[in-house]
Each structure stands twice: as structure tokens, then as C-alpha cells.
Amino acid sequence: MMSILIDKKTKVIVQGITGRDGSFHADQMKKYGTNVVGGVTPGKGGTKVNGIPVFNSMAEAVKATKANTSVIYVPPAFAIDAVYEAADAGIKLIVCITEGVPANDMLKAYDYLKNKGVRMVGPNCPGLISPDKSKVGIMPGNICKKGPIGVVSRSGTLTYEAIWALTCAGLGQTTCIGIGGDQIIGTNFIDVLQMFENDKATRAVVMIGEIGGSDEEEAAKFVKKKMSKPVVGFIAGRMAPPGKRMGHAGAIISGGSGTAKEKVEALNAVGIPVATSPTEIPALIKEKLEKAKTAGAKKTTANVATKKAAARKSGAKRKK
Amino acid sequence: MKIHEYQAKEIFAAAGIPVPQGKVATTPAEAVEIAEEMGRPVMVKAQVHVGGRGKAGGIQYAENLEAVRVWSQKILGMDLKGLKVNHVLITEAADILTECYVGIIIDRASKAPVIMVSPAGGIDIEEVAAKTPEKIFKLAVDPTIGLKAYQARDLATKLYKDIKLVRQAADILMKLYDIYWKIDASLVEINPLITTPDGKVIALDAKINIDDNGLFRQKAIEAMRDLEAEDPAEVEARDGDLSFVKLSGNIGCIVNGAGLAMATMDLVKHYGGDPANFLDIGGSSNPQKVLTAMRIILRDQNVRSILINIFGGITRCDDVANGIVMAYEELKPEVPIVVRLTGTNEDKARKILKSTDLKFGDTLDDVVKKAIKLADAEITV
């Protein structure tokens, strides 16, 4: 069984491990089975948190542990510096949980990471989880279940609602990933959709969007062009008033674009059904999987028929 | 965060961008005094955080001091798209030859600050974009390197033919770009950027929005916040570390997480109800937050029922339950409340809430429908 971005091999460093959130979630991750190999807090090197060794810098931590992933719980004023420190230390996947990172800082960091070939998830995100393998971030592990569905979302608790609905309906997940509610984020829908398309274990994808920007519209175009796997959508903020920030920095409709209506229409136009309630998602997924199965069966029959025809032909040839 | 035109112009002037002379007034007498000092015809401009002030009657030309008095009396205290005007900017009336648009906005798609210029200024840029998109020129600036002088010049040539005007506009663009970064802006805009008969390029208007996430290092900007220009409930919510947006319905909502809060409101609407607000109590919520949330919602006279929807992850349901009990004892709410607590420590939460006469919902859909019924509304789906 596969997954995307994180699995049993993922070795995680927790940046800001001695803080309130950092220490709590380091422990939660470890209990879930994540391979948490260390933490970093400048000045606290040599100590331990819940049995996890603490280092003074990322360079030290990576050298000692060979970690490939970091998760950031440091306060917003220092979060971008933590991102740069992780990238410079050779980390390949950076998950930034911190909320409140200045958007203009992210513009510069995004370019820097792209040039270095480092993937960042977040900021302002719940992180990701590959059930029964690894979780990096703050998602509650007990609501997830191993299975064939990929989940990608701009939200936190709304994602939990959707995951819980899937799990209750018997639909487990390959990987669930929260990409974050900010305007400028390291990983967007398209990046994740591509990974799910490539992942053999993922059979269908749930995409949870919200008002603001045009990422969902871009994702719709991508699904039409590049994806063979079925996608089901949900869009939050159908009744949000324009010009107001609805909690997330990215969730603001201004100048008439980025409304839920436009997004739902864009998704529907490429054959992605959009649920009105998160509880509707499992039924839509099952329907899509059923259809894919029938279509797949037809294809297989067709394939067999062609092969038989080809065999007959070659047989005929041999007879000659 | 938004700041007023007069504040944005102070920032422009300090950076060397030419703006008309002006001063802000809070009374008609003050306005007349300022105009008298200037000794020429002035504009009286309402200072509120909405667009389209001119069309709504918030910007007026005053030929003489009597007109200044009359207009400022009329504009001060007026309601402009739901916001009360407390300040007017008295500014010299300029001779306008041409009107252009220039602006810089953070663009999530290109992950860069994008500069937009248009020779069609003085009207809503969204309108230009919709009707004559060929009149808008855009440039995504490399955030690491910044705006190059030749790029600014190229953009300026889209606005003017005269090289003297081009140079002035290019200089303004360079300074505007500097301002954008220095103050953690998400938008800086001049509409209109005018030329005068004597060959000067001037920022006749100024608009700046600041990224809330950058405010921790922008103390001078934070001090410009006009609390009177904001909804008092939203200010109280921000002080209590909550996100709150007032709406016109009658079902109060308390939810953890912005996405789930929006989805909950959407479902209220979907089933035929009308939400009174958006309210996100955030991640690790302490009981105090729930109390503040309840206080804000109960002050709204329209509210007929309250819906509490919590999906516990980091948020622990028992914390929320303790907050609800605290709020119950302190505020003695008369409106019915329906609660759904799922996830971390939900059993503990149920025990805590046993002594209250709260209603409970099992699922998201269930709690929404119950809240609608309690508000005496009809479920339509």
C-alpha cells in the first residue's frame, strides 16, 4: 500500500519542540508511530523532550539523525527563518503548521525553496497523515483509517469532518493533506492532485476548497487534462459576504472573483461533483468508484477482446 | 487591515510621492479652518473604508469656505454604505488633465507582487478589467530581486508619451514598490494618478491595505487603526483572539476552524436558516474564548438560537464544554442553544454539560437542522 509525501521511512525533526504546541504534538506524532528523530530549539541542545533528543540547530540535528522532513511549530515572527534553516540543512519536505506568517515573506521563501528543490506544505495548515504509517502535523490520528482515498484540503477542522465522514462510511485514506488557508502556500491543489494521480494505492480523491483566489478553478482544469482518477469536491463559503476575511487570510472574496459559486461551477463543468454537506462526500465517492469500476470492466473486456482478435490473427498467420 | 486615504497619503508623502496638500478634520469648523489656511477651492472627502465614495456622495468640490462648511456638515456623520463618516480630508482641488491607475497587489497565482497600470483611471479598476481588459497592463515582479528601473519605465510608457511624465511616473512606481514591502502591504493603489496642465504627475487618491500577519512588526501602521471605523463586535472579537464577522441572520454560530465555520454557515443557509455571524474560536481554545464568543453573539438582538459546532482535534471538547458552562452561569442566555461536540475528549464534555438544559446534535447536519427549528424557522430542504 502506497501513500504520498510521508510513510514509514519519513524521519522527522520538530522545530520548536520545547514550545507548548511543539512538545505536545511531538509526543502525539510519536505515539501515532511517526519516526520523530529529534527536535530543535536554539539554546536547548542536549536536553530531551518526551524522550526525543533536542538540538541547537537544524544543521546539527540533520547531521546527527539523517532526517529528511521537518515540522515547524515556532511563533509566526520566526517561522520563515525556521523554513530557511531547514532548507539549508538539507531537509526535503518542510511542513509549516504556524499560523500568521506574513504573506510577503512567503513570496521570497517560495522562490528560494523552488530553486533548491525543497517541498513546503503550509503555512497555516494541519499537516499530513498517511494512516497507520506516519503523521506530520496536528491531525487527530484516531479519525483516519487506511484505505484508497486521497484527501487534499485548504482547511483544518473541515478536513477532519470530511475524513471522519469517509472513515465512518468505510472509506479509508492513502494520505490526507491540509495545504493551508493562507494566500501564499508552498504546495497547492495541483501539486497534490498530480501526486495522487501517480500514487498506485489512491483510487479517488476528495478536494476541499474554499472561497478566495482561483486555485480550485486551476485544479479543475488540471483534473480535466491530466487526471484519470475520479475527484469529488467540497467548497466552503457559499454564503460569505464579499470583502470580508473569513478567518483564513486566503478566504476573502474581493472584486467579484473567488466566490464559491464560480468554483462549484468550474468543478461541475469538468465532471467533479460538489457535495453540499461534508457528510455527502462518501456517497459521491462511492458513486464515482462504481462508475470507474464499470468503465474499467468494460475496458478490460475490450482489451481481452482485442487480444483475442490479435491472437486469432497471429494464429491465422501461423496457419499460413 | 485597512487605513484611511489621509493616512496612506502621509505614507506616500514621506516616501516622496507627490500628493495634493491636505489635512483631516473631524468637525465642520475644523474643515473651514483648514480650507481657509489653504486659501483656494478644496475637495471635501469622506474617510471611510469603502470603495466608490464619490458615487455615494462622499466626495464633494467646495468653491468657497461656505461650501466647505455645508459639505463637511453634510458628510461628517453621514452613512456611507453602512459605515459612519467620522473624518473628512480637506485637500486642494487639482486641475486634472489625465487620469490613470497604478496599483500593486499580492498575487497568489504568480506568487509575486503584481504591478497593474492602466491609462483608464478614475473609475473602478474591476470595471476596467471587465469592460476593457486590453487597457490594463500587468507585471509580476521577482520578489527576490525587486522592481528594476527599466521595468518601471516600461510600465510608465503605457500611461504617457511625454518622457518627462514617464520619468515622474516611473519614479512613483519605484517608490510605491518600496512602500509595498516596507509596510507589509497586500495592496497599494493610486486611483487616479493624475497629470496637471503644468506637467506634474500627482497621486490624487491613495489606498493601502496591510497584511494582518505583518502587523506584529508594523507598530506605526497598527497605531493608525481607526477603531471607530470598524464594527465594535469585530474589534472585541479580535481582542479576544477570535475571528468574527457579523451577518444579518438570526442563528448565532460558534465553530472551531475557519473552513468548518464557513461550511456550517453554508449548511444553515442550505437548510433554510439564516446565520447571524461567522465565528471561529480557533485552534487550542481555552474556556475564556467560548465565553467571549457567547457574549458577542448574545448582544445581537436578532439572534433566536445558538449553534455550537466543535470538531475536536487540538481543540479539546471538555475545554469548550467548560466555557459553555461558564458562559451559561455568567450570561444566563435566554435563547436556546444546541451543541455538537465531536472528537478529542467528547465523553468528558458530555459529562460536564449534563447539568445544563442544552440540546445536543449528533452530526453536522443534525445540529444545523435543530438550530433552525429552535430559531422557529422552517427547514426547506
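**Reading sheets, helices and interfaces**

Mentor: Let's start with a pair of strands: strand 1 (residues 11-15) and strand 2 (residues 35-40) of chain A run parallel and are joined by five bridges. Two strands count as paired if DSSP finds at least two bridges between them. Strands (E, at least two residues) and helices (H or I, at least four) are DSSP runs, numbered from the N terminus. Keep in mind that this is a predicted model, where local features need pLDDT of at least 70, side-chain atom pairs count only at pLDDT 80 or more, and totals for chains, interfaces and linings use all residues. Residues are numbered from 1 along each chain as its sequence is written, with chains lettered from A and ligands numbered from 1 in the order in which they are written.

Trainee: Which residue stands opposite A:I13 in strand 2 of chain A?

Mentor: That's A:G38.

Trainee: How do I read two packed helices?

Mentor: Two packed helices are described by the angle between their axes and the distance between the axes. Axes are lines fitted to C-alpha atoms, for helices over the stretch in contact, and angles run from 0 to 180 degrees between N-to-C directions. Take helix 6 (residues 189-198) and helix 7 (residues 215-226) of chain A: their axes come within 9 Å and cross at roughly 30°. That makes helix 6 of chain A roughly parallel to helix 7 of chain A; the label covers angles under 35 degrees.

Trainee: Which residues of helix 6 and helix 7 of chain A make the contact?

Mentor: Helix 6 of chain A brings A:F189, A:I190, A:L193 and A:E197, while helix 7 of chain A brings several, including A:A219, A:F222 and A:V223. "In contact" has a cut-off: C-beta atoms, placed from the backbone, within 7 Å. By class there are six nonpolar, no polar and five charged residues. Ala, Val, Leu, Ile, Met, Phe, Trp, Tyr, Cys and Pro count as nonpolar, Asp, Glu, Lys and Arg as charged, and the others, Gly among them, as polar.

Trainee: Into which domains is chain A divided?

Mentor: Domain bounds come from an automatic or database domain assignment. For chain A that gives domain 1 (8-123) and domain 2 (125-320). In chain A, 24 residues of domain 1 are in contact with 20 residues of domain 2. On the domain 1 side, helix 4 of chain A gives the most, five residues.

Trainee: How many residues of chain B are in contact with chain A?

Mentor: It's 43 residues of chain B against 45 of chain A. Helix 9 of chain B supplies the largest share of the chain B side, 11 residues. That side has 20 nonpolar, 13 polar and 10 charged residues.

Notes
Contact = placed C-beta atoms within 7 Å. Parallel < 35°, antiparallel > 145°, perpendicular 65-115°, else oblique.
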